[in-house]
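Biologist: Can we go through this structure together? Start wherever you like.

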Amino acid sequence: MKEIYRIAIDGPSGAGKSTIAKAVAARLGIDYIDTGAMYRAVGYKVKAKGIDADDEAALESLLNETDIDFRKGDIILDGEVINDKIRTPEISKMASIVSAKGPVRAKLVDIQRAMGTRKSIIMDGRDIGTNVLKDAEYKIFLTASVEERADRRYRELVAKGQDVNYDDICRDIAARDHSDRTRELNPLRKADDAVELDTTGLDIEQVVAEVMNIVRACD
């Protein structure tokens with residue numbers, strides 16, 4: 001494989017993007033870039049510094065002095081490993097707030113692109129191959145039927161002891177799909193040069209094997 005390369009995995013909610021990306025990263029010995037954790041990191045810093053997220057000037061000043069990286073599964077904010085510190089309900093709420101801010105999104109995309117210039121990475125999301133890493137060497141569009149994704153989510157929540165309804169989950173996923181595909185900014189779509197992989201009926205190991213085959217075939 002190339003000395004430095006980027007793998008972009010896009011797809012709808014519940015397709016298993018993060019699970020597969022992490023497994024492939026481990027298989028290849030490269031860093032998995034958790035974009036959601038990056039927003040949590042910014043939220044954590046905003047809260048730690050006592051900055052009002054609606055104060056655009058203060059937010060941009062903070063962003064100008066912010067560095068985020070991933071190494072061997074750790075997320076590093078300004079040189080500090082913050083894995084556990086960003087996994088709280090309070091930080092989740094702040095991450096949701098800052099993720100809606102244009103300057104935050106622009107800054108994190110810049111950081112994500114910069115990562116891909118200095119080391120091999122795998123990243124998943126809704127617009128990685130179509131926006132964040134347009135020139136990624138390997139692009140995969142991971143999908144599955146609404147019913148399959150709803151079943152996976154249903155079993156996951158039941159295993160956690162939650163009382164959930166399969167039909168409600170189906171409707172929620174279908175609504176999320178519509179929202180993601182029709183949003184104005186970088187809607188969910190398959191990149192023209194991406195390989196589509198339907199994971200319906202496949203287990204994790206089978207999907208990882210398929211992704212590895214795609215990457216090798218494109219090399």
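Modeller: Start with α2: eleven of its 15 residues are buried, so this helix is largely enclosed by the rest of the structure. Buried means under 20% relative accessible area, exposed means over 50%, and partly exposed is in between, with a 1.4 Å probe and protein chains only.

Biologist: What kind of model is this, and how are residues numbered?

Modeller: This is a predicted model, in which local features need pLDDT of at least 70 and side-chain atom pairs count only at pLDDT 80 or more, while totals for chains, interfaces and linings use all residues. Residues are numbered from 1 along each chain as its sequence is written, and side-chain values use heavy atoms, with hydrogens and water left out.

Biologist: Back to α2. Which residues are the buried ones?

Modeller: They are Thr35, Ala37, Met38, Tyr39, Arg40, Ala41, Val42, Gly43, Tyr44, Lys45 and Val46.

Biologist: How far does α2 reach from its first C-alpha to its last?

Modeller: Helix α2 covers residues 35-49 and reaches 21 Å, close to the 21 Å expected at 1.5 Å a residue. The expected span is 1.5 Å times one less than the number of residues. Helices are DSSP runs of H or I with at least four residues, strands are runs of E with at least two, and both are numbered from the N terminus.

Biologist: What sits at the ends of α2?

Modeller: Asp34 caps the N-terminal end, with a side-chain oxygen 3.1 Å from the backbone nitrogen of Gly36. Just after α2, Gly50 takes a positive phi of about 70°.

Biologist: Which residues other than glycine have a positive phi?

Modeller: Lys72 is one of them, at about 50°, and Asp78 is another, with phi near 50°. Lys72 is in the loop between β3 (68-71) and β4 (74-77), and Asp78 is in the loop between β4 and β5 (80-81).

Biologist: Are those two buried or exposed?

Modeller: Lys72 is exposed, with a relative accessible area of 81%. Asp78 is partly exposed, at 39%.

Biologist: How does the lining of the largest pocket divide by class?

Modeller: It has 13 nonpolar, 13 polar and 19 charged residues. Ala, Val, Leu, Ile, Met, Phe, Trp, Tyr, Cys and Pro count as nonpolar, Asp, Glu, Lys and Arg as charged, and the others, Gly among them, as polar. The elements that each supply at least two lining residues include α1 (17-28), α2 and α8.

Biologist: And the second largest pocket?

Modeller: About 230 Å³ of space lies there. Its lining includes Asp34, Ala37 and Lys72, and by class the lining has five nonpolar, two polar and five charged residues.

Biologist: You mentioned α8. What does the side chain of Thr182 reach?

Modeller: Thr182 is in helix α8, residues 166-182, and its side chain reaches the backbone oxygen of His178 at 2.6 Å.

Technical notes: A polar contact is a pair of N or O atoms within 3.5 Å; within protein, one must be able to donate a hydrogen and the other to accept it, and residues adjacent in sequence count only if both atoms are side-chain atoms. On a 1 Å grid over the protein atoms alone, a cavity is a set of points where a 1.4 Å probe fits but cannot get out, and a pocket is an open set with protein on both sides within 12 Å along at least five of seven lines; lining residues have an atom within 4 Å of a point. Grid points are joined across faces, edges and corners, and a volume is the space filled by probe spheres set on the points.
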